[in-house]
Structures are given as structure tokens and as C-alpha cells.
Amino acid sequence: MATVSIKGMSCPHCVASTKKALEEIPGISNVAVNLEKGEASYDGDVETNTIKEAVEKIGFKTVK
Ligand SMILES: [Cu+2]
């Protein structure tokens with residue numbers, strides 16, 4: 001499982017958008033987004049940059 005920190009999520013809508021955006025990436029499964037922690041976790045061997053782009057496309061930012 002991989003975890004990524006995401007900045008900018010503020011409500012359950014944001015969580016749902018993030019979850020959807022990540023689930024649309026080929027090769028990813030078991031996406032879980034935690035609003036309080038500002039974190040998303042997923043299974044799958046996907047490049048960090050792919051995650052970053054998907055998150056930025058919907059207006060949030062990944063945090064290194
Ligand atoms: Cu929101």
C-alpha cells in the first residue's frame with residue numbers, strides 16, 4: 001500500500017473527488033482518502049507523477 005499527502009481538501013466533496021480521480025488511474029485499487037489526515041492510500045505500483053497529475057487536475061496538491 002502507498003500513501004500520499006494531499007493539500008487542499010476541506011470537505012467530503014473533496015474526498016469524493018480525490019477518490020474518484022485516483023480510482024480512474026489504471027492499475028490503482030483500494031483507494032481510501034482520509035480528510036483529517038489529508039492523506040490518500042492505495043494499492044498499485046503507479047508513478048508518483050501520475051498521482052500528482054491526477055490530484056492537480058482536480059485542484060489539489062500532493063505534498064512531498
Ligand atoms: Cu470540498
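Q: Among contacts in the chain between residues at least 6 apart in sequence, what share joins residues at least 24 apart?
A: This is a predicted model, where local features need pLDDT of at least 70 and side-chain atom pairs count only at pLDDT 80 or more, while totals for chains, interfaces and linings use all residues. Residues are numbered from 1 along each chain as its sequence is written. A contact here is two residues whose C-beta atoms, placed from the backbone, lie within 7 Å. Among those at least 6 apart in sequence, the share joining residues at least 24 apart is 54%.

Q: In what order do the elements of the chain run from the N terminus?
A: DSSP runs define the elements: helices are H or I over at least four residues, strands are E over at least two, and numbering starts at the N terminus. That gives two helices and four strands. Read from the N terminus, they go β-α-β-β-α-β.

Q: Which strands stand at the edges of the sheet?
A: The four strands make an open, antiparallel sheet, ordered β2-β3-β1-β4; strands count as paired if DSSP finds at least two bridges between them. Two of the strands have a single partner each, so one side of each lacks a neighbour in the sheet. Those edge strands are β2 (29-34) and β4 (61-63).

Q: Which residue in β3 does Ala32 stand opposite?
A: β2 and β3 (residues 39-43) run antiparallel and are joined by four bridges. Along this pairing, Asn34 stands opposite Glu39. Ala32's opposite number in β3 is Ser41.

Q: Which residue in the hairpin of β2 and β3 takes a positive phi?
A: The hairpin has four residues between its strands. With a phi near 65 degrees, the residue in question is Gly38.

Q: Which strands does helix α1 touch as it packs on the sheet?
A: Helix α1 (residues 12-23) makes about 155 degrees with the direction of β2, where axes are lines fitted to C-alpha atoms (for helices, over the stretch in contact) and angles between N-to-C directions run from 0 to 180 degrees. Helix α2 (residues 48-57) lies across β1 and β4 instead.

Q: Which residues of α1 are buried?
A: Buried means 20 or more other C-beta atoms within 10 Å of a residue's own, exposed means 12 or fewer, and partly exposed is in between, with C-beta atoms placed from the backbone. Pro12, His13 and Ala16 are exposed, on the face of α1 turned away from its buried side. The buried residues of α1 pack against β1, β2, β3 and α2. They are Thr18, Ala21 and Leu22.

Q: Which residues form the covered face of β3?
A: In a regular strand the side chains alternate between the two faces of the sheet. In β3, the uncovered face has Glu39, Ser41 and Asp43. The covered face has Ala40 and Tyr42.
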